[in-house]
Amino acid sequence: MEFNEKYVLTIDCGTQSIRGLVFNQYGELVLKIKKEIEPYFSLQPGWTEQDPDLYFNTMCDIIKVLRDENDEIYDQIAGMTVTTQRDCCIVVDKEGKPLRPAILWMDQREASKKSFKLPYKVATSAVGMHEVSRKVGAHCKAHWLKEHEKETWDKTHKYLMLSAYLNFRLTGKYIDSIASTIGHIPFNYKKFQWESDLGLKRQIFQIEREKLYDIVEPGTIIGEVSKEVAEISGLKEGLPIIASASDKGCETLGAGCVNDETVSISMGSLATIQTTSKKYYELNKFIPPFPAAIPNTYNPELQIYRGYWMITWFKKEFARKEMEESKKTGILPEVLLNKYLNQIPPGSDGLILQPYWGSPLKLPEARGSIIGFSDYHTRIHIYRAIIEGIAYGLFEGMKSIERHSGVKIKRVMLSGGSSQSDAICQITADVFNKPVYRVQTYETSGLGAAIICFVGLGVYKDYDEAVKSMVHVKDYFMPIRENVEIYYDIYHRVYKNIYRRMRPLYQELKEIYKARGKL
């Protein structure tokens, strides 16, 4: 590739915004356009849906702005890739037109639990996973469509993830990256392929093979922009489209987490901690690691379902003062709140939060809890306790990764909106008792996708070379000994015992409200 062809375009399609990001081959973010979108609409409680064309049309609007703002750089873009939120399903007819709104990852509707054939029922029952398997299957959006919108399902030609849908709109092909194929679908995560007809996942997720799409390794050129798509989108005709990875997988790569000695924390609405491993292992039994952005590797991951969304919850319920000040000054309310974090000592004066605002899969009765209140606690104590509680939960994830991998974690990489706060980064370093790093941009999902794009275009021979050239540590936070000591005591003596002690009470609450038709 010539020197003047050193740019790639990544589209990062999240839940609340879509970003167009242009990177050069040294990892520098040279152009950025961000557009907020309505996260979802809800026709019924617990439903989260969105118009599929909102994503494509917003992407096109962003591309046109990028083109108009700096046509010199835009004209040198050599390739494009798309990274999106996971487990978002779109069903299309034979012409590729959506048959209904997209159903998003946080949607809570459930289908009836499907029966398994006898051999699978016996096998899953023998290891105590039959009901869990059926519950996971009940969350499969295809099952709900079959049960409640049979006419729509009968017309369905392809069942697509959001990334596969955008790839189709760009290339005319039903194709996606293995590393984007993450959701309630019959995919064999160990073998990186669609499950065989006799495989267990075919029982859990009963989707006909012909309704699924083709999958390829990350970095594969999957097509080119046609003249028709160029006119609609503002892209150059003939521009190569490269298969990427999911947003979380790209974040992990963009943060420079390429082996078992490093963990990547995504400080987003869904908080996650994951690593990159050549070894297949399950942090929770029968819950597979996801395919990573680097081919033939895995991202073992643990999630805190509501994660840093809890900051949004806190803003709504307790931070009206900061919300009003934000309107007047233009400073984000999170920035205003984060200034107060250091006014509260580590441990929040004995206030401890367990962040189960969304129940983990294997702890279905779990609820969020805050313990240790006294008359001197303030709303800022609650805010710091939220940050610390999420950090404790993610720390549990790191310890699980170490146990299963047999490798000691040496460093922690941070990504996502909350990683912009020095105070939150320092709290994380102190809870983990590990050095914490931020790279040159918090747009690590876009950076990871750009790395894949440059490898796919042949600018770099492999991912190691690309990461060394494109990922640069900008800031680091070392653990403070006295803070580490108090967090160690709180975690080991109190936090890790909260769920076990509270579980009987959670179960009683569940029974009380279930009897009243509320759960």
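Which residues line the largest cavity? The legends below, which describe a predicted model, begin with that view.

**View 1. The largest cavity and its lining residues.** In this predicted model, a search of the whole structure finds one cavity of 30 Å³ or more, and the volume of the largest cavity is about 30 Å³. Its lining is made up of K113, K114, F116, R134, G137, A138, H143 and I204. Helix α4, which spans residues 130-138, supplies the largest share of this lining, namely three residues. Sorted by class, the lining of the largest cavity holds three nonpolar, two polar and three charged residues.

**View 2. The aromatic pair of W153 and Y159.** The whole structure contains 24 aromatic pairs according to the search, and one of them joins W153 and Y159 in an edge-to-face arrangement, with 5.9 Å from centre to centre and 65° between the planes. W153 counts as buried because its relative accessibility is 5%, which is under 20%. Y159 likewise counts as buried, because its relative accessibility is 2%, again under 20%.

**View 3. A cluster of aromatic rings.** Here Y392, F395, F432, Y487, Y491 and Y495 are linked into a cluster by ring pairs.

**View 4. R109 with the rings of W47 and W144.** R109 lies over the face of W47, at a distance of 3.9 Å from the ring centre. The charged end of R109 also sits over the ring of W144, where the distance to the ring's centre is 4.4 Å.

How values were computed. Residues numbered from 1 in each chain as written. Predicted model: local features only at pLDDT ≥ 70, side-chain atom pairs only at ≥ 80, totals over all residues. Heavy atoms only, no water. 1 Å grid on protein atoms, 1.4 Å probe; cavity = no way out; pocket = protein on both sides within 12 Å on 5 of 7 lines; lining within 4 Å. Points joined across faces, edges and corners; volume = space filled by probe spheres on them. Helix = DSSP H or I, 4+ residues; strand = E, 2+ residues; numbered from the N terminus. Nonpolar A, V, L, I, M, F, W, Y, C, P; charged D, E, K, R; others polar. Phe/Tyr/Trp six-rings, centres within 6.5 Å; stacked < 30°, edge-to-face > 60°. Buried < 20%, exposed > 50% of the residue type's maximum accessible area, 1.4 Å probe, protein only. Lys NZ or Arg CZ within 6 Å of the ring centre and 35° of its normal.
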